[in-house]
Amino acid sequence: MSAVPETALSERTEPLLDLRDVTVTYRTSEGPLPAVRGVNLTVAPGQVVGLAGESGCGKSTLVSTVLRLQPSGAKVEGEVLVLGQDVQTVGWGALRALRWAEASIVFQGALHSLNPVQRIGAQIAEPITVHEPDLGDAAVQRRVEELLEQVGLPGARKRAYPHQLSGGQRQRVMIAMALACRPQLIVADEPTTALDVMVQAQILDLLRDLVRDLGVGLLIISHDLSVLADVCDRVLVMYAGRVVESGTAAQAFTDPLHPYTAALSGAFPRIGDPAARYAPAGLAGDPPDPRELPPGCSFAPRCPRAVDRCTEAEPPLLEVAPGRPVACIRVGEP
Ligand SMILES: Nc1ncnc2c1ncn2[C@@H]1O[C@H](COP(=O)(O)OP(=O)(O)O)[C@@H](O)[C@H]1O
Ligand SMILES: [Mg+2]
């Protein structure tokens, strides 16, 4: 695949993805469920941004808004700008053009996203023929082989069915599909969660290499902060639908300022890692039900540093140091 020209990259100043005060509320039989509450996030060309947080904190819900894939009952507020266009309000024609060609998503669990009775080559070819109907069959086949090689599989593997591939190979196919229409933004929701540790590392290396070689932007989601620490430029940590901290990957992992980030980084300790000193003795309890959030800070009931004041009001996300927004009133206190 041809590289993106240098000039095209340096001339682009606007972010590829710009989420502004995004809120998502599901309608449920037990009342409204605020899954995402006022999230701001940007991804620039060539940048890898990570989104971390326990299961249920709203990561996949947020991701679904990027290509307007949220369920019809979900109410989305705020702006979801992909290459400057608000995908939540553009017409269907513009939205179709955006999907695959400008931005694409790699989902968790490649086995369930691939069609079991269709050869993988045909599945990779599908978005190409939809978006570039004038491309001849030979050119499409060439592109399919190139894409497979780009993700580290032989081009001839295009004739394989999904069940003939390992989990890691299937996830590579999913990444090839995401690259098929040469998007500028890729969103990967838990792309390595179902894989064993060795394969996980290979897939993360692949994603990082693609970002470097193609100059695309990548938003990568994981419940495992240590996965993100190795690949991301910036990391945002979510809790109960809100961003509670963001910073460089190294800051979030080795110098967490929010007690929740500290707990997350301590939840996956490495021997000799300075983050281990922040680790509380495990993080007890579960995240709250979004329909019944506790008063004040949502994390207070589980927080080892909580005091009475923490339950009075939801702490604002404030920049406590350059590039370090944190939503905790106790930052800096002993
Ligand atoms: N389609 C849906 N309808 C109602 N509630 C949902 C739906 N999808 C997710 N939720 C709820 O929204 C919250 C966030 O879920 P999700 O975005 O999947 O979190 P994560 O990806 O971080 O695990 C959870 O409380 C979940 O139960
Ligand atoms: Mg999820």
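Biologist: Which residue in β2 is the bridge partner of aspartate 18?
Modeller: Keep in mind that this is a predicted model, with local features needing pLDDT of at least 70, side-chain atom pairs counting only at pLDDT 80 or more, and totals for chains, interfaces and linings using all residues. Residues are numbered from 1 along each chain as its sequence is written, chains are lettered from A and ligands numbered from 1 in the order written, and side-chain values use heavy atoms, without hydrogens or water. In β2, aspartate 18 is bridged to threonine 42.

Biologist: How many bridges join β1 to β2?
Modeller: β1 covers residues 17-28 and β2 residues 31-43, and they run antiparallel. A hairpin of two residues links them. Strands here are DSSP runs (E, at least two residues; helices are H or I, at least four), numbered from the N terminus, and two of them pair if DSSP finds at least two bridges. For β1 and β2 the count is nine.

Biologist: Which residues touch the most other members of the largest nonpolar core?
Modeller: That core has 58 residues, meaning buried Ala, Val, Leu, Ile, Met, Phe, Trp, Tyr and Cys joined through side-chain atoms within 4.5 Å; buried is under 20% relative accessible area, exposed over 50%, partly exposed in between (1.4 Å probe, protein chains only). Helix α8 (residues 197-214) gives the largest share, eight residues. The ones touching the most other members are Ile124, Ile175 and Ile220.

Biologist: Which backbone atom distance does glycine 56 show to ligand 1?
Modeller: Glycine 56 is among the closest of the 14 residues around ligand 1, counted if a heavy atom lies within 4 Å. For glycine 56, a polar backbone atom sits from an oxygen of ligand 1 at 2.6 Å.

Note on methods. Polar contact = N/O pair within 3.5 Å; in protein donor to acceptor, adjacent residues only side chain to side chain.
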